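Here is a short walk through one protein model. Please keep the sequence and the 3D view open as you read.

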Amino acid sequence: MDRLKTPFAYNKHGKVVKAQEAVKNQVYYCPCCDIKMVVKEGTKYRKHFSHPASGTCTSEGILHRIAKNLLLKAIEEDIKLKTDCDICRKSFWKTLPQGTFTKGAEEVRVGPYKCDIVLYSGNEPALAVEIKNTHGIGKKKGKELPINWIEVNASSIIENNTELNPIQARLDKSVCYECKNNLEDPVTKKRISNLVASLSMYSAK
Ligand SMILES: [Zn+2]
Ligand SMILES: [Zn+2]
């Protein structure tokens, strides 16, 4: 069996390190099995971590593991979630302030489906996150999951764990900050109420 080449590993403090930024002769660890990995750089390959041949670890599994850990950590900070505005239809980054999610758990069963990560609000599951590996959320699962869900790429979480840019999602309706301001603008409010009044005048005839 060949040694695995991976672009990420943990340092001795459990922090994710990119192979490009790794220091030679320092010890790194596999996020899945904790085995020691060393950084390798050659003329044939890009700089990478070398993982001894293993029957259990795979490159995808390691990325998946790191992404899950980083996502569980992200709830200690403000999270930005890309979603669509229900009024102007443009996508925008919605801020979910720290505290929106009170805890996270992995491999949780929601209804009939197991989810990679479930983020909770209090004790209630609030958002299911599927970290895309080889397969994503199928149509049936997407329809039947009883809570909001998003599907994200492992690599994008590793890049930035507090910016979630879903590949696909089912979320509550949202209104972007611009539309919200417009709705709260007194001139717009007056215009809308005049419009509603004129419409009801017509329908009364
Ligand atoms: Zn391993
Ligand atoms: Zn909008």
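Two strands count as paired if DSSP finds at least two bridges between them. Helices (H or I, at least four residues) and strands (E, at least two) are DSSP runs, numbered from the N terminus. The model is predicted: local features need pLDDT of at least 70, side-chain atom pairs count only at pLDDT 80 or more, and totals for chains, interfaces and linings use all residues. Residues are numbered from 1 along each chain as its sequence is written, and chains are lettered from A and ligands numbered from 1 in the order in which they are written.

Now find strand S4 (residues 28-29). S4 pairs with S5 in the antiparallel sense, over two bridges. Tyrosine 28 stands opposite methionine 37 in S5. The two strands form a hairpin with six residues between them. In the turn, aspartate 34 has a positive phi of about 70 degrees.

S5 also meets strand S6 (residues 48-51). Three bridges join S5 and S6, which run antiparallel. Here valine 38 stands opposite serine 50 in S6.

Move on to another sheet. Three strands form an open sheet in the order S8-S7-S13, with mixed pairing. Strands S8 (91-96) and S13 (163-164) are the edges, and each pairs on one side only. S7 (residues 79-84) and S13 run parallel, joined by two bridges. Lysine 80 has glutamate 163 in S13 as its bridge partner.

What of the interior? A nonpolar core is a set of buried Ala, Val, Leu, Ile, Met, Phe, Trp, Tyr and Cys residues joined through C-beta atoms within 7 Å. A residue is buried if 20 or more other C-beta atoms lie within 10 Å of its own, exposed if 12 or fewer, and partly exposed in between; C-beta atoms are placed from the backbone. The largest core has 35 residues, and Tyr28 and Val129 are among those with the most contacts inside it. Helix H1 gives the largest share, six residues. Domain 1 (4-57) and domain 2 (71-174) both contribute, so this core lies between them. Those bounds come from an automatic or database domain assignment.
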